[in-house]
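Dear colleague,

I am passing on the structure below, together with my notes on what was found in it. Please read the notes with the model open beside you.

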Amino acid sequence: MCLYAKMPLMTSINFLNNPPCRCPDFMRKILFIHPNFPAQFRHIAALMGKRGYHCIFLTTNARQDWTIPGVQRLLYKPVQQQGKAGMFSTLGLVESHAEAVLRACVELKKKGFVPDVVYGASGWGGTWFVRDVFPKARLAGYFEWYYDADSADVRFGSRDEPGLQNRINLRLRNTVIVNDLVSCDLCITPSQWQKSQFPQALQNKLSVLHDGIDTGYFCPGSGSLSIPGLPLQGDEEIVTYATRGMEPYRGFPQFMQALALVLAERPQAHAVIAGEDRVCYGSPRPDGKSWKEYMLSRVHLPMDRVHFTGGLPYAQYRQLLRSSSVHVYLTRPFVLSWSLLEAMACGCLVVASDTGPVQEVLRHRDNGLLCDFFSPKAIAESVLQALKEQEQLKALRHAARNTIVSRYELTTLLPQLEKMLVGEL
């Protein structure tokens with residue numbers, strides 16, 4: 001790592017919205033740290049901003065289309081590391097965030113902002129040295145994943161032993177995570193599945209609390225559609241798929257293969273795919289093609305009935321879920337997507353992969369249908385069954401929403417998180 005003492009601090013702090021004000025000593029000060037804005041901290045940051053806490057959100061994301069009232073956004077730029085290449089390049093990436101956040105925190109302290117609570121996303125490196133800058137702050141960490149070469153994720157569908165470089169990369173990713181588990185006063189992970197991926201010796205430090213789903217917003221409603229560029233009204237037979245990125249981690253190749261079988265069997269059906277043509281998890285294709293490009297070149301589809309919307313604003317995304325005849329969600333044994341829970345909250349009839357993270361929330365023929373992640377044929381058969389038995393399977397829609405309301409309701413979970421963060425101050 002570059003020696004911090006030999007490098008100049010930031011000469012000024014780049015706030016995207018208003019600069020920080022001097023706040024009264026009695027006002028509780030909260031610092032959020034996450035490279036993406038607002039990510040998993042959207043609801044808690046909004047609540048604390050509304051409550052009158054002095055909130056600063058430290059992030060790399062300069063997107064102008066999203067602001068949170070009462071929350072000031074401070075941008076940091078990962079510091080370019082020298083000499084970290086090859087075998088140790090992963091550590092260099094983590095250090096680049098760690099050093100940039102360290103600089104920002106030191107300057108905040110110089111300007112008089114000393115937080116009572118720091119809530120940071122572990123794993124990126126930004127939380128690595130926070131305890132050293134703010135030793136008296138209550139340090140809370142959001143722990144999304146523990147990287148293990150022998151985990152269900154890495155070994156999923158493969159008999160090959162992970163290579164040495166892969167093992168080293170995963171171990172280096174855990175360096176900051178293990179440090180944070182030791183340093184944090186409060187360690188939060190969103191699901192029992194994710195907690196179970198951590199070594200047994202470390203699991204006792206983790207509290208399971210999901211970020212929460214706004215079931216007042218994501219709820220059943222009119223099936224009408226009004227999405228620019230989408231020639232559907234909402235009363236058609238629609239198979240939906242929603243994802244941040246079109247990638248193998250979320251079963252995009254298998255979905256596209258299954259879709260060809262479904263659309264051949266159901267000549268009136270349409271498919272609507274919401275999401276961006278990028279890779280969020282895993283590696284891009286070595287040939288430079290996106291997975292969307294590759295699959296469209298390999299699978300014959302009636303493109304007049306296959307619609308790619310790109311990323312959607314929340315209101316249009318909710319319209320799509322409400323119009324869905326069958327919603328497909330596939331994932332490796334990895335972090336569970338909000339999109340599954342939002343679809344269930346909207347009362348979608350869900351066909352999902354029979355994998356660990358999904359099994360925690362969805363039970364076959366109780367509140368959805370489970371199928372083999374690796375089998376396009378099995379996925380297609382489940383989708384076709386759901387399309388044919390809409391009335392018979394209506395109870396699954398109600399059960400899906402009830403699951404989210406009873407276990408993931410935002411207005412229940414958010415006060416619990418606030419109390420965990422500040423209740424002991």
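Just after helix α1, Gly 52 takes a positive phi of about 100 degrees. Please keep in mind, here and in what follows, that this is a predicted model.

Helix α1 itself, which runs over residues 42-51, is mostly covered, with 7 of its 10 residues buried. Those buried residues are Arg 42, His 43, Ile 44, Ala 45, Leu 47, Met 48 and Gly 49. As for what lies over them, the cover includes the strands β2 (29-33), β3 (54-59), β4 (71-75) and β5 (117-121), together with the helices α10 (314-323) and α15.

Leaving aside residues up to four places away in sequence, Glu 418 touches Ile 44, Leu 47, Met 48, Arg 51, Tyr 53 and Gly 423. Is Glu 418 buried or exposed? Its relative accessible area is 9%, so Glu 418 counts as buried, the cut-off for that word being under 20%.

Arg 365 sits in the loop between α12 (356-359) and β14 (369-371), and, because its relative accessible area is 44%, it is described as partly exposed.

Val 335 belongs to another loop, the one between β12 (326-329) and α11 (338-345). With a relative accessible area of 6%, Val 335 is buried, and, again not counting residues up to four places away in sequence, it touches Glu 144, Trp 145, Gln 194, Arg 250 and Tyr 329. How far apart are Val 335 and Met 48 in space? From C-alpha to C-alpha they are 26 Å apart, while in sequence 287 residues separate them.

Turning to the chain as a whole, it has 15 helices and 14 strands, and its C-alpha trace spans about 65 × 50 × 40 Å along the principal axes. A compact globule of 425 residues would have a radius of gyration near 22 Å, and the chain, with 23 Å, therefore agrees with that expectation. Of the 425 residues, 56% count as buried, and, among contacts between residues at least 6 apart in sequence, 70% join residues at least 24 apart. The chain exposes about 19000 Å², of which carbon and sulfur atoms supply 51%. The mean positions of its 46 positive and 38 negative charges are 5 Å apart.

Finally, a word on confidence. The chain averages a pLDDT of 91, and 92% of the residues score at least 70. Over residues 1-12, however, the pLDDT is below 50, although this stretch has 26 contacts in the model beyond near neighbours in sequence.

With best wishes

How values were computed. Residues are numbered from 1 along each chain as its sequence is written. This is a predicted model: local features need pLDDT of at least 70, side-chain atom pairs count only at pLDDT 80 or more; totals for chains, interfaces and linings use all residues. Side-chain values use heavy atoms; hydrogens and water are left out. Helices (H or I, at least four residues) and strands (E, at least two) are DSSP runs, numbered from the N terminus. Buried means under 20% relative accessible area, exposed over 50%, partly exposed in between (1.4 Å probe, protein chains only). Contact means heavy atoms within 4.5 Å. The radius of gyration is taken over C-alpha atoms; the globule rule is 2.2 Å times the number of residues to the power 0.38. Accessible areas come from the Shrake-Rupley method with a 1.4 Å probe; for residues, only the protein chains shown count as cover. Lys and Arg count as positive and Asp and Glu as negative; His and the chain ends are not counted. The place of a charge is taken as NZ of Lys, CZ of Arg, CG of Asp or CD of Glu. pLDDT is the predictor's confidence in each residue, from 0 to 100.
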